[in-house]
Each structure stands twice: as C-alpha cells, then as structure tokens.
Amino acid sequence: MANIGSLEQAMLPRWHRNQMSATLVPMNTDARLLQHLDGLLRTQGATDDALLAVLDQVLKHFDCVTGTIHALNRTSGLLELRAQRCIPPVIMDKVSRIPVGKGMAGLAAQRKEPVQVCNLRTDTSGQAKPGAKETKMEGSIALPMLVDKAVLRGVLGVAKPVAYEFTAAEQGLLLQLGELIGRHFGLATKPAVLDHYFIEVRAKLIEVAAFLDRVDRAEGEDDYRIQAFRAALKQLESNQPERAKQILLTLSDPTTGPIPAAKGKSASGAYPGKE
Amino acid sequence: MRYIEPHAHMVSRTTDDYAAMVASGCQAVCEPAFWAGFDRRSAQGFYDYFAQLTDYEPKRAAKYGLPHFSWLCLNPKESEDVKLADEVLALIPEFLQHPNVLGIGEIGLNKNSRNEMIVLEKHVDLAARHDQLILVHTPHLEDKLKGTKLIVDVLKSDRRIKPGRVIIDHVEEHTVQLVLDAGFWAGITLYPDSKCTPARAIDMVEQYSAERLWLNCACDWGQSDSLAVPKTGREMLKRGHSVAAMDRLLFQNPHRFLSQCPNFVVPT
C-alpha cells in the first residue's frame, strides 16, 4: 500500500488516522485489542451489553478477575456503574454511585490520573475505601477515562487476586482503553467538533462577509431581506445557546392568523412586514 | 448501512437515482403526492398523477428491486382553488385501495392562507374517515413557524386524529420541539440550501429525543440530493455515533411509524 502524505493523514479523522497507521505497521497485541474494542463500540454503541463485553476483554488481556466501568454523570457529578465483574453484592450499593474524590475511582476522576494500590488487603494509604477489601482483590488500579487528554468521561478499574504493581506500559494501555470507552460516553469534544467543521464553516463565514460587501457595493436601496439578515447577524454574536433557532425566529413571520389569500407560491426567506 | 427513504418525489427523478439509492442501502422508498411545478388544470390531471403514483412508479422502482409506497393528496401549493380541491379529494378514496398506499400526504400549508386551511381540514377529515396515516408538509422559510403552529392547532382540534399516526415534516430548529411536544412524529428534510443540512440534522438528533424523528431527502425536480439520507448516516458515524444508533434513526424509526399502515411490509 502506498504511503500517504503527512498532510493528508492530518486531515483524516483521528480514528481513521490510527487505522491507516495500523495498516502500515504490523499490529501488536495491544493495537489489535484497541482496534477490536473500538469496532465493537462503534457498532453497538455504549450499551450495557457492549460495555460488559469490552470489560471482559480488558480483564482477560490484563489477567485480572475484577473490573468496573463507571460513567461520569455530568448533572449529578457522580460516577455511575455501567459494567462490572465479580463485585460482591454486599458492596454493590457503594460501588453503583461514587462521588468524585471518594475511593480509588473517585480519586482517579478527581486527580485525572491513575490511582494504584499494590495490595488492597494490606493498604494503609487511605486511597481505597474500607469496603474494597470485600472484593478479596490485592493488586488494583483505577484510571480516568480522559478524552482528548482533558475531558473526563468516567473511570475504568481492574484488579487481580494477588499483590501486583501495574507497569507504566500497562497503565499507558489502560489509559488508552479508558479514552476509547470514554469517547462513546458522550458527544464529540470541542477539539473534535473543531477538527470536523472549522474549515467548512470558516469558508461560510467568509462567504457571508463577501455577500455583505457585494450588497454594499451594489446600487439601489436595501430591502427587508438585507435588514432582516443584519438583524439575524446580531444573534451570532450572542453568547446564548440555540443561535440557529433564534436566527430562524428572527427571519420568521411573527403573525399568528391565516392570510386572506395566497398571492404567490414562493417564500423569500425573510418576513416582509406586510402582505 | 440500510435505510428507508420516507419522502422522495421519484416521478421527477431518473432511474440513475433508483440505482444509486439501492446501491447505498435503501430498503424502501415512499413518495408523497406533490406539486408538479405548475398548477394542474383539472381533477383529471390528478387522476392521472394518482395512477402514476400507485401503478406506474412502483413498477419502475421494482425494476431496481426497491419497494415503492405512495401517499395521496392535493398539495397545499394548489389549495387556493377549493372547488378543484373538492373534486380531487373525491377521487382519493378509490386510490386508497391500492396496495402501495400509506395514507394522506403531503398535506399542510404553503403560504398559510384561509383557503389552504380549509383544504387542510378537508384532508384531515378524509384521513380520519378512512383511518389513514397522515404526512404533513410545513411551509418554507419565513412561513414555516406560523404554518407549523396553525397545522398543529388543526390536527389537535380534531379528536379523531392520534398524534402518533401523524408525521409533520420539514421541521427545523425553531419548530422541532413544538411538533414533538404535541406528540407527533417529526421529519427532518435534508436540502442543500433551504430546510436542513446533515450537520444541523444531527445537532437536532443529539439535542432532542430521537424516538419520533426521521430523516428524508424529499428529492424532486429542484435542487436536492436523492442520497442525502445515507450521506447523513455517514456524517453520524464521523461524529462518533454508533452503527446501531444510525440504524435506529435511518431504518428502524421510519419502519416503526410506517408499519402502522398494514400495506407497509418491509423486512427488518
């Protein structure tokens, strides 16, 4: 396969770039796991079944027994359990909703970095809640699901029944897995929206500027359409939400009753102010 | 990708469109009656058009393996002549017997005139008397907001009409909420200039409940794209939506609404 230019690669969506590079370089086990789980979530979405399948693959890959996937509820600020394996029923209540800052998962969310305990049973650091010992696990780690390195979407947790310290490489892969899962917990981030639309909408903005210049250079008087257009432009500068809706309302006929008779069939795009 | 095109005026398209739609995953196409670009001079002209929608066009689509369904009415652009409208409405019950007919549509308003309102009410009454699904066209551009409110009022004032059996089409950001809040289905039409772009359509899908939304291309003889729906599906995937979410919006939603008509038989 021919190599593609770096500029062309940069213009592709990020996931596509990863796929392209994956075809150029032989994939290792980690890359195959990421690609497989990405495909699974892209196909099914972040459903409960899909998340449990993802968690099982992660646990298998890291030779772990227990695991959790929590999603951040942006309204409540709580981490809500979406998938789990081998969490004892006696602590399920405490695990199902976790405040940011509490326990290993809460601390990972608060610090936006991995929180690791080599042996939950003997830990005295205070990072794990007392109930964590009920899991009978020892080597355990919680990692923030950070999308675009900044947007917190949840926490991924895995644990082994033996004392264990996850290596830097393992933590790196778990963070990548967390980001991958986190992408499916919400809409596109600001960087992703800008990557996707900025150039296209920039061109439209310049079209608007050139149109206004063209109208100004033309002879004759302004009519209701350009007046309505200029009124609508003010909505763009507003910091209020629903700008598209507000502009459509500005351009709409504000009256409420039927007109006596239709004099034509077409619409002009702005309300002329009289029939 | 699989999708249903729930609103396309195929009589004004070439067979290339059928071939491209099928190749893009189209499983069924639904064709509402519409304005021909000129006013028909007599009810006989409509009779021929209804015959085209219920007999000739399904056969043309079948050559490409695409199931074709129709909606029947007199389009609001021709509603100013109430006498002609009465004559045309009298023809419709005969055509409701055809196996590809889904209901009454696309009725509605164009310039929000009194006669358009009268003809809209007559269509709603016809649909209620014959227990038909309803597909509603909402006006263009500056007339859309007022027209949509008037249409919702007409439909809500007739107690025989169940909102879940009515789709109000061509919604935009300023009308989608009022249509959904009233319990109706809402259609988003993807046009290059007027109506809605793929990006804005997905914005609406992300902001409002997509349970009662569908997408359509409404392609006709004007500037329009018969592949706008699958292109919007691809845009959804680029925005991070799952294949399952895309399938719900592009296939399962229109399938769920249209299956309320026993004539609509498309395998899931």
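How many of the residues of strand β4 (residues 101-108) of chain B are buried? Eight of its eight residues are, which leaves β4(B) mostly covered; a residue counts as buried if 20 or more other C-beta atoms, placed from the backbone, lie within 10 Å of its own, as exposed if 12 or fewer do, and as partly exposed in between.

This is a predicted model, in which local features need pLDDT of at least 70 and side-chain atom pairs count only at pLDDT 80 or more, while totals for chains, interfaces and linings use all residues. Residues are numbered from 1 along each chain as its sequence is written, and chains are lettered from A and ligands numbered from 1 in the order in which they are written. Helices (H or I, at least four residues) and strands (E, at least two) are DSSP runs, numbered from the N terminus.

**Strands**

In chain B, strand β3 (residues 68-72) is joined to β4(B) by three bridges, and Ser70(B) has Val101(B) as its bridge partner in β4(B). Strand β5 (residues 133-137) of chain B is joined to β4(B) by five bridges, with His137(B) in β5(B) as the bridge partner of Gly108(B). In chain A, strand β5 (residues 140-147) has seven of its eight residues buried, so it is largely enclosed by the rest of the structure. The table lists the pairings of these strands, where two strands pair if DSSP finds at least two bridges between them.

| Strands | Sense | Bridges |
|---|---|---|
| β3(B) and β4(B) | parallel | three |
| β4(B) and β5(B) | parallel | five |
| β4(A) and β5(A) | antiparallel | three |
| β5(A) and β6(A) | antiparallel | eight |

Within chain A, Val115(A) stands opposite Ala142(A) in β5(A), and Ile141(A) stands opposite Val158(A) in β6(A). β5(A) and β6(A) form a hairpin with three residues between them, and Asp148(A) in the turn has a positive phi of about 50°.

The loop between β4 and β5 of chain A holds Asp123(A), which is partly exposed, with 16 other C-beta atoms within 10 Å. Leaving aside residues up to four places away in sequence, Asp123(A) touches Val117(A) and Ala128(A), contact meaning that the C-beta atoms of two residues, placed from the backbone, lie within 7 Å.

**A helix of chain A**

Helix α3 (residues 29-44) of chain A has 16 residues, which should span 22 Å at 1.5 Å a residue, and its end C-alpha atoms are 23 Å apart, which agrees; the expected span is 1.5 Å times one less than the number of residues. The buried residues of α3(A) are Leu33(A), Leu37(A) and Leu41(A). They cover an arc of only 55° around the axis, which puts them on the same side of α3(A), the arc being that of the directions from the helix axis to the C-beta atoms. These buried residues of α3(A) pack against α4 (48-61) and α7 (168-183) of chain A, whereas the face turned away from the buried side carries the exposed residues Arg32(A), His36(A), Gly39(A) and Thr43(A). Gly45(A), whose phi is positive, near 80°, follows α3(A).

**Domains and the two chains**

Chain A is divided into domain 1 (6-183) and domain 2 (190-250), with bounds that come from an automatic or database domain assignment. The centres of these two domains of chain A, taken over C-alpha atoms, are separated by 43 Å.

Between the chains, 32 residues of chain B are in contact with 32 residues of chain A. On the side of chain B that touches chain A, the elements giving two or more residues are α4 (114-129), α5 (144-157), α7 (198-207) and α9 (243-258) of chain B.
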